[in-house]
Amino acid sequence: MRIAGVFSFNRGQQAVESRYPAELRGLKQVIRAVDAAAHRTKVSKEKTMPGKLLYRPSSLNKAFAAELEALGGWEKQRVPCEYPREYYVAGYQPAPASRGAFREIDFVKDRLGLEVQFGKYAFMVYNVCAKMTIFHKLDIIDVGVEIVPIKAFADEMSTGVSYFEQFVWDLQHRGVADIDIPVLILGVSA
């Protein structure tokens, strides 16, 4: 695979290049090492493209995980969630508290968070505008990187997979809030 697009959200590119140059070199190496063609294994059952051979997002995610593991130092981070119960209205009887609830970020190395997202649009927005902020507030990361497909690549996956161009447009029009951390968005192509 290769990097086909770069977007700096809240000065993310500058933060990653200046504070994490070795990690960025490693991420570029990982992207080049993932052979997208090996993950074009899903036969579409969708009405709009029956029988078409598509890239399998779950397989691509596993390939990234394997390459990051081989590179070393990149670890999943999971934090337990204790959901508040004091906000229920009087008279409402809530179900017992969820056991084992957690939030997870794909990878962290030296306080650099990484999400690899070949899924639905809402997950991209959630990763950058909520999850990375939460993990920053929990003192786990300082800066983030989000790897997403460009449109031409997403078009070769199931319908509904979001893409770099759409994500960048929304982030530009949303703007930066005072709680947002710097995030480098990398659009990748097969």
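Helices (H or I, at least four residues) and strands (E, at least two) are DSSP runs, numbered from the N terminus. By that rule, Leu68 lies in helix α3. This is a predicted model, where local features need pLDDT of at least 70, side-chain atom pairs count only at pLDDT 80 or more, and totals for chains, interfaces and linings use all residues. Residues are numbered from 1 along each chain as its sequence is written, and side-chain values use heavy atoms, with hydrogens and water left out.

Start with the sheet. It is open and has six strands in the order β1-β8-β7-β6-β5-β4, with mixed pairing. Two strands pair if DSSP finds at least two bridges between them. The edge strands are β1 (2-9) and β4 (75-80), and each pairs on one side only. From one strand to the next, the twist averages 30°. Angles here run from 0 to 180 degrees between N-to-C directions, and axes are lines fitted to C-alpha atoms, for helices over the stretch in contact.

Now take the strand pairs. Strands of a sheet pair through backbone hydrogen bonds, either parallel or antiparallel. Strand β7 (residues 143-149) and strand β8 (residues 183-189) run parallel, joined by six bridges. In this pair, Glu146 stands opposite Ile185 of β8. β4 and β5 run antiparallel, with five bridges. There, Pro80 stands opposite Phe102 in β5. β5 and β6 also run antiparallel, with three bridges between them.

β5 and β6 form a hairpin with two residues between them. Asp110 lies in the loop between these strands. Asp110 is not a glycine, yet its phi is positive, about 50°. Is Asp110 buried or exposed? Relative accessible area decides: buried means under 20%, exposed over 50%, and partly exposed in between (1.4 Å probe, protein chains only). Asp110 has 53% relative accessibility, so it counts as exposed. Asn10 also has a positive phi, near 55°, and is a residue other than glycine. Asn10 lies in the loop between β1 and α1 (12-19). Asn10 counts as buried because its relative accessibility is 12%.

Helix α4 (residues 121-137) packs on it, touching β1, β4, β5 (102-109), β6 (112-116), β7 and β8. The direction of α4 makes about 160° with that of β7. Touching and contact mean heavy atoms within 4.5 Å. Helix α6 (residues 164-174) lies across β1, β7 and β8, and runs at about 10° to β1.

These two helices also meet each other. α4 and α6 pack at an angle of about 45°, with their axes 11 Å apart. That makes α4 oblique to α6. Angles under 35 degrees count as roughly parallel, over 145 as roughly antiparallel, 65 to 115 as roughly perpendicular, and the rest as oblique. The crossing of α4 and α6 is right-handed. A crossing is right-handed if the near helix is turned clockwise from the far one by less than a right angle, and left-handed if anticlockwise. From α4, the contact uses Tyr121, Met124, Val125, Val128 and Cys129; from α6, it uses Gln166, Phe167, Asp170, Leu171 and Arg174. These contact residues divide into seven nonpolar, one polar and two charged. Ala, Val, Leu, Ile, Met, Phe, Trp, Tyr, Cys and Pro count as nonpolar, Asp, Glu, Lys and Arg as charged, and the others, Gly among them, as polar.

Phe164 is in α6. Phe164 is buried, at a relative accessible area of 11%. Beyond its neighbours within four places in sequence, Phe164 has contacts that include Gly5, Phe7, Val148, Ile185 and Gly187. Phe164 and Ser8 are 156 residues apart in sequence, but 12 Å apart from C-alpha to C-alpha.

Finally, look at α2 and α3. The axes of helix α2 (residues 21-33) and helix α3 (residues 57-71) come within 9 Å and cross at roughly 135°. That makes α2 oblique to α3. Their crossing is right-handed. Gly26, Leu27, Gln29, Val30, Ile31 and Ala33 in α2 meet Phe64, Glu67, Leu68 and Leu71 in α3. This contact has seven nonpolar residues, two polar and one charged.

Return to Leu68. Leu68 counts as buried because its relative accessibility is 0%. Leaving aside neighbours within four places in sequence, Leu68 touches Leu27, Val30, Trp74, Phe107 and Leu114. The C-alpha atoms of Leu68 and Val43 are separated by 27 Å, with the two residues 25 apart along the chain.
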